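Look through the structure below, starting with a pair of helices and then turning to the chain around them and to the sheets.

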Protein chains: 2
Amino acid sequence: MHDSVQVPGFLGNGIAAGIKGGRGKDLSLIFSKVPARAVGVFTTNRFKAAPVILDMKRIKKGIAQAIIVNSGNANAATGKGGDEDASTMSRVTSRALGIEDELVLVASTGIIGEKLPIEKIARSIEPLVGGLSADGMPSVAEGIITTDRFPKVEYRKCFVGGKEVTICGIAKGAGMIEPNMATMLSFIMTDADIDYACLTSLFKESAGKSFNAITVDGCMSTNDTAIMLANGVAGNSLISETSGNLVEFREALSGVMVSLAKSIVKDGEGATKLIEIVVEGAKLAADAKAIAYAIANSNLVKTAFFGEDPNWGRIISAAGSTGVPFSTDSLELYIEDVPLFINGVGISGKQAAGIMKKDNIRVLVRLGMGKETFSVYTSDLSHEYIDINALYHS
Amino acid sequence: MHDSVQVPGFLGNGIAAGIKGGRGKDLSLIFSKVPARAVGVFTTNRFKAAPVILDMKRIKKGIAQAIIVNSGNANAATGKGGDEDASTMSRVTSRALGIEDELVLVASTGIIGEKLPIEKIARSIEPLVGGLSADGMPSVAEGIITTDRFPKVEYRKCFVGGKEVTICGIAKGAGMIEPNMATMLSFIMTDADIDYACLTSLFKESAGKSFNAITVDGCMSTNDTAIMLANGVAGNSLISETSGNLVEFREALSGVMVSLAKSIVKDGEGATKLIEIVVEGAKLAADAKAIAYAIANSNLVKTAFFGEDPNWGRIISAAGSTGVPFSTDSLELYIEDVPLFINGVGISGKQAAGIMKKDNIRVLVRLGMGKETFSVYTSDLSHEYIDINALYHS
């Protein structure tokens, strides 16, 4: 199992640095033996954590070699001291690795507004670097989680012009998962050789279908970060927009990212179900998205799923609440294949009662207004969500 | 107590018609002995319940004499049959009262998408009308509630040009409470003589500060209805925009509606606290409103309040998530009088820990960008919300 998540040229390690107060691994490092092409997407929150601000500046150059990540503390809303801590976190890492400081990216996740225990991180860098290993990705994944119930690692292999390349992604999620990513971190590594423009467009495209198409509680974090590194050591013929060898790679990348995104929702705080909300037949793509998210974020819809109750009235009511114009007579609602609302009239939910017991449920809303579609993954809202979030801080 | 909520010229009654399956009163009637000036505000959901569609048409004439209301069934998403049921509900009422059918308004609240048990309503009209009484407002308030823990009645008396006038409001709320009103019904009665233009503007103004400034779960209902009837029997000098006698009346009306709105939030499904979110110093009023609602609807913020945890990071993160531009360094956050975030840096929440145990808590966000303000009332998010909403349907 560990073998299978090796990505040529990449090393990883995750250790317990005491940031979480002894509750497991909390400091992870990803290192590419050679500088890699780098792209990232970040939270759009006005309050961006210090490491996000640092990374957004550095990643513009399109190159990076290491990512240092801590969990247990977000280093967000920590003022100038927080910026200095993020820089220190980078500096101690670059020194220990013997690389240029500008090639280090930093990520943090955890409690907002508390000073990062930078000494704990500084004193853990040597053992962290010392333990770097090609088999280390699972421990990296462990070191970045907060309230996640399980670490998330996905990988795919594919062929690019006859050469095998690997894509491995790790992620943490749990709460605050929303459009534009909310508290999630994800790091995607590949040994493929791919030009910067193509890497950028493929990564954004896949992020749109994965991390930007999920929601747990509609909250957007200060720390959301997804970074992809491509180190080119596979020696494949360069993938570019025009090279004709990107189909398989695009599919594999999208497979990794969509799987990670789904497992983030499945592991959403307190989630007992993975629910896909598909909106078809919208006039505008933005309309489809607005309605899909309105349904996916409705506490009334989410508690109905937790209660395994096909309360379709809440679904159509959420769809109607967005201000997007549509004809209520032509809207159709299905849960899996069971029609629940057709021609302006509801149909008894009794047929759907069995379906509601499933772990994975697909909700389909057809607006009948056009051809645009959007699909979002969400979770139900349970008692455990309340427990986790009422008690997380103190 | 009953005496004190009499409004001259108005009668009321609420009885159990069996719509809720024997769980208490579920059919209410408000009757004015003379036709009254009437104004209303209604849900903006695309899916409007049949009674809402009926009322929106009728209330354009600005006059009404009776409001027939059932709880236990929303008569929403019920197609043409639902429209017919709403009309029938009006017709049996107007016949029993011996008034023009066009003077009857109809409201329903409860489960969406199930056929209204119109026979139960029809056969209950005679006893309902027979029991009409000047002391009946508390029973009207009982008959309109669903998951509410208590009926909501508020009244004020004031003087208009030397004549005493009374304003009495009743409401039901509980879940789905959001801007533009969500599942709430409210009926305001006054014996004041007030011209239509002035009634319209005062009612809209008060609705903006009350029913449109609260949220429980961010969900908007198909049935939201607030109607005000003014029957003029007090014989005061006509209140108009220019009459100079509206100050006291405006204040009393606003007092009734804001009190009802607060008690709806206090009684929000599972609510243990009433939280006021005040946003000051916005550039645009819309900015203040967007940020206030983002905080008020954040599940992470709401669970933190349930946990009595001054997790201010979640509050500023919600403020930052709206896309409204502001300087994160100039934003200030206070809970009651305790500063928690100033000059871009968080302050330990320990001082605020005691405050978080209060039942009524005020959160103040100062943006430092301008002079616009918005204030919204919200509740916390508790286990009881989940129980109520996971189990409501079946």
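In this predicted model, helix α1 (residues 50–58) of chain A packs against helix α2 (residues 79–97) of chain A, with an angle of about 60 degrees between them and their axes 8 Å apart. An angle and a distance are given here because two packed helices are described by the angle between their axes and the distance between the axes. The angle makes α1(A) oblique to α2(A). Their crossing is right-handed.

Which residues of the two helices meet? On the side of α1(A) they are A:Ala50, A:Pro51, A:Ile53 and A:Leu54. Facing them from α2(A) are A:Gly82, A:Asp83, A:Asp85, A:Ala86, A:Ser87 and A:Ser90.

The C-alpha trace of chain A spans about 70 × 55 × 35 Å along its principal axes. Chain A has 394 residues, and a compact globule with that number would have a radius of gyration near 21 Å. The value for chain A is 22 Å, so it agrees with that of a compact globule.

Next come the strands. Strands of a sheet pair through backbone hydrogen bonds, either parallel or antiparallel. In chain A, 7 strands form an open sheet with mixed pairing, and their order is β8-β15-β10-β14-β11-β12-β13. At its edges are β8 (214–215) and β13 (345–346) of chain A, each of which pairs on one side only. One pair in this sheet can be followed in detail: strand β10 (residues 274–282) of chain A and strand β15 (residues 372–379) of chain A run antiparallel and are joined by 7 bridges. Opposite A:Val278 stands A:Ser375 in β15(A).

Chain B also has an open sheet, this one of 6 strands in the order β12-β11-β10-β13-β9-β14, with mixed pairing. Why is one side of β12 and of β14 of chain B left without a neighbour in the sheet? Strands β12 (345–346) and β14 (372–379) of chain B stand at the edges and have a single partner strand each, so one side of each has no neighbour there. Elsewhere in the order, strand β10 (residues 332–335) of chain B is joined by 3 bridges to strand β11 (residues 338–342) of chain B, and the two run antiparallel. Here B:Tyr334 stands opposite B:Pro339 in β11(B).

Methods
Residues numbered from 1 in each chain as written. Chains lettered and ligands numbered in written order. Predicted model: local features only at pLDDT ≥ 70, side-chain atom pairs only at ≥ 80, totals over all residues. Pairing = 2+ DSSP bridges. Helix = DSSP H or I, 4+ residues; strand = E, 2+ residues; numbered from the N terminus. Axes fitted to C-alpha atoms, helices over the stretch in contact; angles between N-to-C directions. Parallel < 35°, antiparallel > 145°, perpendicular 65-115°, else oblique. Left-handed = near helix turned anticlockwise from the far one by under 90°. Contact = placed C-beta atoms within 7 Å. Rg over C-alpha atoms; globule rule 2.2 N^0.38 Å.
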